[in-house]
Structures are given as C-alpha cells and as structure tokens.
Amino acid sequence: GEYAFGYCTSLTSITIPNSVTSIGEYAFGYCTSLTSITIPNSVTSIGQYAFYCCTKLTSITIPNSVTSIGENAFEICTGLTSITIPNSVTSIGGSAFKDCSGLTSITIPNSVTSIGYNAFWKCSGLKEVHISDVAAWCGIDFGFGYANPLYYAKNLYLNGELVTELVIPDGVKEIKNYTFYGCSGLTSVVIPNSVTSIGEHAFFYCPGLTSIEIPNSVTSIGNYAFENCIGLASIVIPNSV
C-alpha cells in the first residue's frame with residue numbers, strides 16, 4: 001500500500017511475494033539504501049512515486065505482468081543505468097524516470113501507446129533508445145517534449161542497429177507530435193504515401209537531415225515540425241498541404 005516502506009532509509013533489499021498485485025504510491029519512496037528489489041509476475045501496476053528517490057537502486061526487472069508505470073515512479077533513481085520496459089506495459093506516466101541521470105539506455109516495447117509529460121526530463125546520461133517496430137513508435141502519444149527519451153539520447157536503435165536512414169513503413173497514417181524529437185542521428189527519412197499528417201515537433205532538432213520529400217497524401221504539418229533542422233537544404237511540400 002501507500003507509503004508501506006516509505007522513508008525506510010536503512011532498507012537495502014526486499015523480495016515481494018507472488019501474492020502482491022500492485023505497488024502503491026510512495027511504497028518505497030526515499031528508501032535511499034535500497035540496492036535491489038524483486039518484483040513478481042503477479043504485480044500489474046507500479047504506482048506514483050513508488051520508488052521515488054531510491055538513489056542506490058542500480059537495476060530493476062519489471063515483469064511482463066505490469067501494464068502501467070505511474071507518474072514519478074522512478075524519479076531521482078540516479079543509480080539506474082539501464083532499464084527494459086516489458087511488452088505488457090501500455091503507458092508510462094509523467095515524470096516516471098525524471099532525473100534518472102545515470103540512465104544510459106532504455107528499451108521501449110511495441111505495446112507502449114503513451115508516455116507522459118517530462119517522463120525522461122533531466123535524463124542527461126541517455127545515449128540509446130531501443131525499439132523493434134518503427135510503426136509502433138510512430139503511434140506513441142508523447143506528452144511534452146521531455147516525454148521522448150530521444151531528446152537526450154539522440155540515437156534511435158531498431159533491433160540493435162543505429163537508425164540513420166529512416167524508412168517509415170507503409171500503412172502508418174500519422175507521425176505524431178514529438179515522434180523523432182531530437183533524433184540528431186537521422187540523415188534521411190522516407191515517408192510513405194499512407195501518411196496523412198505530421199505532428200508538432202515531429203522532427204524537431206534533427207540536424208543531420210539534408211533533404212526531405214513529403215508525399216501527396218500529407219494534408220497537414222504541425223507547428224515546429226522541422227524546427228532546428230539546420231542541415232535541411234531542400235524540402236518538397238505537396239499541394240495537398
């Protein structure tokens with residue numbers, strides 16, 4: 001429940017039994033000595049601020065049973081270096097990993113459909129964002145720009161390979177707000193005829209892009225979609241826009 005072990009500053013490790021289905025708000029908040037924790041497959045939700053300020057927590061395994069990670073759940077877990085979100089998770093709350101300055105890589109599964117505002121704000125150590133499906137990535141509803149880990153990581157990896165020449169698969173209808181925000185590793189983008197709209201800040205600060213051709217299917221381009229794409233020398237915009 002809420003605050004169950006909150007402020008237990010001497011607690012170093014804990015094993016949660018299989019009977020537990022949820023971890024409440026601030027359940028382990030300010031457990032500043034906690035270095036390891038086992039979350040069983042019975043847990044379906046991690047509440048707001050659940051591990052807030054667990055600064056010595058270096059790794060955590062989130063089981064496939066978890067469907068949601070609450071707001072600020074791992075905020076100021078500065079010892080975390082990498083984390084894999086399981087395929088069961090559909091939403092990551094606002095500020096969920098805020099100020100996890102030690103985080104260097106993150107894997108976002110195809111199941112995630114929303115990432116809340118400031119989810120990765122101040123994650124200044126991020127270098128890699130890993131995905132396995134570009135279409136699924138294009139379908140994520142991002143909150144404010146810091147929701148997208150690419151803002152800091154800059155580099156997007158598809159099935160372990162760094163994406164420089166991006167091909168958005170046919171069938172994708174929308175490139176949503178902030179989708180490739182800050183992805184400075186991109187050098188080219190192919191947008192299929194299935195895309196009808198490009199959202200706000202979709203390619204904000206992609207300085208490696210030199211040219212882009214927008215297909216005739218696109219009817220709207222959001223504010224700041226290509227802002228700070230300082231390498232962009234040519235762009236083809238159809239009459240449909």
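This is a predicted model: local features need pLDDT of at least 70, side-chain atom pairs count only at pLDDT 80 or more; totals for chains, interfaces and linings use all residues.
**Exercise 1. Find which ring Lys154 lies over, and how far away the ring centre is.**

Solution. Start with the rule: a charge sits over a ring if NZ of Lys or CZ of Arg is within 6 Å of the ring centre and within 35 degrees of the ring normal. Now look at Lys154: it lies over the face of Tyr151, at 5.3 Å from the ring centre.

Residues are numbered from 1 along each chain as its sequence is written, and side-chain values use heavy atoms, with hydrogens and water left out.

**Exercise 2. Work out how the rings of Tyr3 and Tyr26 are arranged.**

Solution. Rings of Phe, Tyr and Trp (its six-membered ring) pair if their centres lie within 6.5 Å; planes under 30 degrees apart count as stacked, over 60 as edge-to-face and the rest as tilted. That rule gives a count of 22 aromatic pairs. For Tyr3 and Tyr26, the centres are 4.8 Å apart and the planes at 15°, so this pair is stacked. Then check burial (buried means under 20% relative accessible area, exposed over 50%, partly exposed in between, with a 1.4 Å probe and protein chains only). Tyr3 is partly exposed at 42%, whereas Tyr26 is buried at 14%.

Last, go to Phe97 and Phe120: with centres 5.4 Å apart and planes at 10°, they are stacked. Both Phe97 and Phe120 are buried.

**Exercise 3. Name the partners in the two salt bridges.**

Solution. You need a side-chain nitrogen of Lys or Arg within 4 Å of a carboxyl oxygen of Asp or Glu.

**Exercise 4. Give the strand order of the open sheet, then its edge strands.**

Solution. Strands (E, at least two residues) are DSSP runs numbered from the N terminus, and two of them pair if DSSP finds at least two bridges between them. Five strands line up as S6-S8-S10-S12-S13, with mixed pairing. S6 (82–84) and S13 (161–162) are the edges, each pairing on one side only. Finally, S12 (156–158) pairs with S13 in the antiparallel sense over two bridges, and Glu161 in S13 is the bridge partner of Leu158.

Key:
Helices (H or I, at least four residues) and strands (E, at least two) are DSSP runs, numbered from the N terminus.
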